[in-house]
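The stops below say what to select and what to look for.

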Amino acid sequence: MTAGNILVSIDFTSRRGYTVKKREVHSMQISSRFTLAVHIFACIDTFKEDYKVTSDFLAGSTNVNPVIVRKILGQLKAAGLVEVARGSGGASIPKPLRDISFLDIYQAVECVEHGELFHFHENPNGACPVGRNIHKVLDGRLAQVQKAMEDELSSITLEDVMRDTKGLLAEDEG
């Protein structure tokens, strides 16, 4: 069982004679990889002129292990969102911040199976009237929720984040 998952074991026979069995329920919380990735971008952009922005440097700001930072940088690099120079060359952002959305970052670092945000349990009990119909009830609604989330993530860019970050940094200095 991975962190964030809850293990539940239920076995009972209903008054109607069908058996309900459920073994695992997945948590719906988005991992910290997304917020770490945004934090990494903010550091790269903020410190690009004054420092070589390496995984050790980023680990100092994010307060996570440099190995985790390197893994996230690798995912962002694979998606074409950052460039990482070999050795201790540091990281850079290869395109304008306005062209990188939260959705781009989310898709780069989150493990979403088959593009689906919601993981449906594999074997609803067909003998149970709810189990037999739950996909028909939820599939369209879950797709609607996912689309709304993706639309919202698409509307926020790193340019927005850096505008707010620079404003707060100016307040800190003033």
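Keep in mind that this is a predicted model. Begin with glutamine 146, which is found in helix H5, residues 129-154. Is glutamine 146 buried or exposed? Its relative accessibility is 12%, so glutamine 146 counts as buried, the cut-off being under 20%. Now show what surrounds it. Glutamine 146 touches Gly115, Glu116, Leu117 and Phe118, leaving aside residues up to four places away in sequence. Pick the C-alpha atoms of glutamine 146 and leucine 117: they are separated by 6.3 Å, though the two residues are 29 apart along the chain.

Next, select helix H1 (residues 33-47) and helix H4 (residues 102-109). Their axes are 9 Å apart, and the helices pack at an angle of about 120 degrees. H1 and H4 are therefore oblique to each other. Their crossing is right-handed. Which residues meet here? From H1 come Arg33, Phe34, Ala37, Val38 and Phe41; from H4 come Phe102, Ile105, Tyr106 and Val109. This contact has eight nonpolar residues, no polar ones and one charged.

Turn to the aromatic rings. The whole structure holds five aromatic pairs. One of them joins phenylalanine 34 and tyrosine 106, edge-to-face, 6.4 Å centre to centre with 70 degrees between the planes. Phenylalanine 34 lies in H1 and tyrosine 106 in H4, so the pair ties together parts 72 residues apart in sequence. Both residues are buried.

Then select phenylalanine 47 and tyrosine 51, an edge-to-face pair at 5.8 Å centre to centre and 75 degrees between the planes. Phenylalanine 47 counts as partly exposed at 27% relative accessibility; tyrosine 51 counts as partly exposed at 48%.

Notes:
Residues are numbered from 1 along each chain as its sequence is written. This is a predicted model: local features need pLDDT of at least 70, side-chain atom pairs count only at pLDDT 80 or more; totals for chains, interfaces and linings use all residues. Side-chain values use heavy atoms; hydrogens and water are left out. Axes are lines fitted to C-alpha atoms, for helices over the stretch in contact, and angles run from 0 to 180 degrees between N-to-C directions. Helices (H or I, at least four residues) and strands (E, at least two) are DSSP runs, numbered from the N terminus. Angles under 35 degrees count as roughly parallel, over 145 as roughly antiparallel, 65 to 115 as roughly perpendicular and the rest as oblique. A crossing is left-handed if the near helix is turned anticlockwise from the far one by less than a right angle, and right-handed if clockwise. Contact means heavy atoms within 4.5 Å. Ala, Val, Leu, Ile, Met, Phe, Trp, Tyr, Cys and Pro count as nonpolar, Asp, Glu, Lys and Arg as charged, and the others, Gly among them, as polar. Buried means under 20% relative accessible area, exposed over 50%, partly exposed in between (1.4 Å probe, protein chains only). Rings of Phe, Tyr and Trp (its six-membered ring) pair if their centres lie within 6.5 Å; planes under 30 degrees apart count as stacked, over 60 as edge-to-face and the rest as tilted.
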